[in-house]
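Dear colleague,

Please find below the structure that I am handing over to you. A short account of the findings comes after it.

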Amino acid sequence: MGETTVIKPHPGSDSGSVIDVTNPQTGEKIYSLTEFATAEVEEAFVRARAAHETIKAMSVSQRLAELAKLKRYFLDNKDHVVNRVVEETGKSKMDALTSEVFTILDMIDYYEKNAEDHLRPLKVKTPVILMPKKSKIYYEPIGPVLIISPWNYPMNLAWLPILTAFVAGNAVVFKPSEWTPLKGLIEDIVRDSGFMKEAIQVVYGGKDVGRRLIDQKPARIMFTGSTRAGKEIMKQAADHLIPVELELGGKDPMVIFDDANVDRAAHAAAWGGILNCGQTCTSVERVLVQDKVYDEFVANLTGKLGKLSTVQTREGVPDEGDMDVGVMTAPFQVEKVVEQIEDAKAKGATIQVGGERVGQSHCVQPTLITDVDNTMKVVTEETFGPVISVQKFSTEDDAIRMANDTEYGLSASVWSADTDRADRIGRNIETGNVSINNVLATQANSALPYGGTKESGFGRYKGPHGLHAFSNIKSVLIDGTSQREIFWYPYSKEKYVLMSKMLDAIYDGGPLWLLKLLPTALKLQGMAKKSGF
Ligand code: NAD
């Protein structure tokens, strides 16, 4: 651990060959796995299509009964899941428990309480011109869906979309990241919990396997990962017209006004920026602080970051749930973070605390950088590591302009004692999620839809929107009458004039619109009845 750990080369490959999965804290190989060949990719879809027929015929409550088995499993096997995740990601045990296990349990709980409501046929209003017909919406399964996930939350970003797709009635083909495949874990969970067999097909491999999965024409793709890969996937999906849901990168701002509780905001910035070693798509990456409290905030956050326990500060003491920060997962990401720190230093930024990678290990110190500007990568590019930059602002307009000065739009937070002002600023930030006087809080509520804007992607999952994203939203209109419609053939000049009058009565008739409509409507009905068509 620490100084002596040497980063191994990228374990994955696109050649259909062997992937070495290593422990990022120790650098030791854990196991090897062989990427799936094309035939195995095809077989996964054959099995998924067969399973889909069974799942779509199940009621929502039958699907929820399957989820209850998973809930029991996760409750009884928290430590096992945490240990597997820690071994492959290098994160702290507490990060694994809260971000990987808690989130899954909470989503199951949410679906148990709400999924039947969200998926029940929905009666909607029928306009007067269509009276006395009835209208409703069905939420129906769409077919096997493909879920592709990154390495930063390998359980959370597997199970949350998988459960959502399954509850909506779909079989799932799932490809984990080649960096954190957690080989066999999902299969073990399905077997040991008694969850429906064949509902989830796990396919192992890198991006080439991902491409071959897309060629199997899933009904929908839910992708979580980099903006670069999201664009590639969308291009490939376009050839088959497969709808995509893209959850991509972020460069999230935290806006702190001078009436905020500075100590609480600094505490939140420390957690929101360093959680999961900064490898969270909604990490606090850019803190914008109003000038009056800037110095106080920087001093406070510097002190807090300096106190965090890391693999380095613990000097080999094992994590029993009491280590704050783990190590970074992927070596290429470590290189990228170090490059951003060096770039900022070279351009005149000040490192308030941290700023170093420990030897050649995956351990990067929790880092606070000030005196930054838009010439620096740490301000303009996604960092995805334990680095927070702080900038000063004066007015509300400055805060909004600086918060929006990014190509990303995933999440943000606004801090002020004046919650009306915080809300007003939140409304003006181009983003998918805003927490007021908290950080990363929207994600903690499974009822809130989650997703991004701009280069952070599009589509929403969680809440009712998530279930509907995996549904064919079918509109139904039921006509119980035997009359001919007034607007059907044959057309005539007289009918044209009456139809025009009818539109005036309905949409411009004022409070007496119904009285104005009736004589015209009756004439039109008479014409429809008499027509010899
Ligand atoms: P990545 O895009 O390199 O890989 C993600 C997954 O996509 C992997 O399974 C990979 O094998 C696969 N993949 C890559 N290219 C592909 C292609 N052309 N076709 C099919 N599959 C392909 O991302 P990563 O490095 O694993 O993850 C880090 C990124 O994920 C960061 O940018 C982070 O912000 C983002 N992320 C976003 C969210 C969100 O909810 N918005 C959540 C977590 C992570």
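The notes below describe the overall build of the chain and then its cysteines.

This is a predicted model, in which local features need pLDDT of at least 70 and side-chain atom pairs count only at pLDDT 80 or more, while totals for chains, interfaces and linings use all residues. Residues are numbered from 1 along each chain as its sequence is written, and side-chain values use heavy atoms, with hydrogens and water left out.

The protein chain holds 18 helices and 20 strands, counted as DSSP runs (helices: H or I, at least four residues; strands: E, at least two). Along the principal axes, its C-alpha atoms fill a box of roughly 95 × 60 × 40 Å. Of the 533 residues, 55% count as buried, that is, under 20% relative accessible area with a 1.4 Å probe, protein chains only. Among contacts (heavy atoms within 4.5 Å) between residues at least 6 apart in sequence, 70% join residues at least 24 apart.

The accessible surface, by the Shrake-Rupley method with a 1.4 Å probe, comes to about 23200 Å², and 54% of this belongs to carbon and sulfur atoms.

As to the cysteines, a search of the whole structure finds zero disulfides, a disulfide being a pair of cysteine sulfur atoms within 2.5 Å. Cys363 is in no disulfide, and the nearest cysteine sulfur, that of Cys277, is 6.9 Å away. Cys363 counts as buried because its relative accessibility is 4%. Cys281 also counts as buried, at 17% relative accessibility.

Definitions and conventions
Buried < 20%, exposed > 50% of the residue type's maximum accessible area, 1.4 Å probe, protein only.
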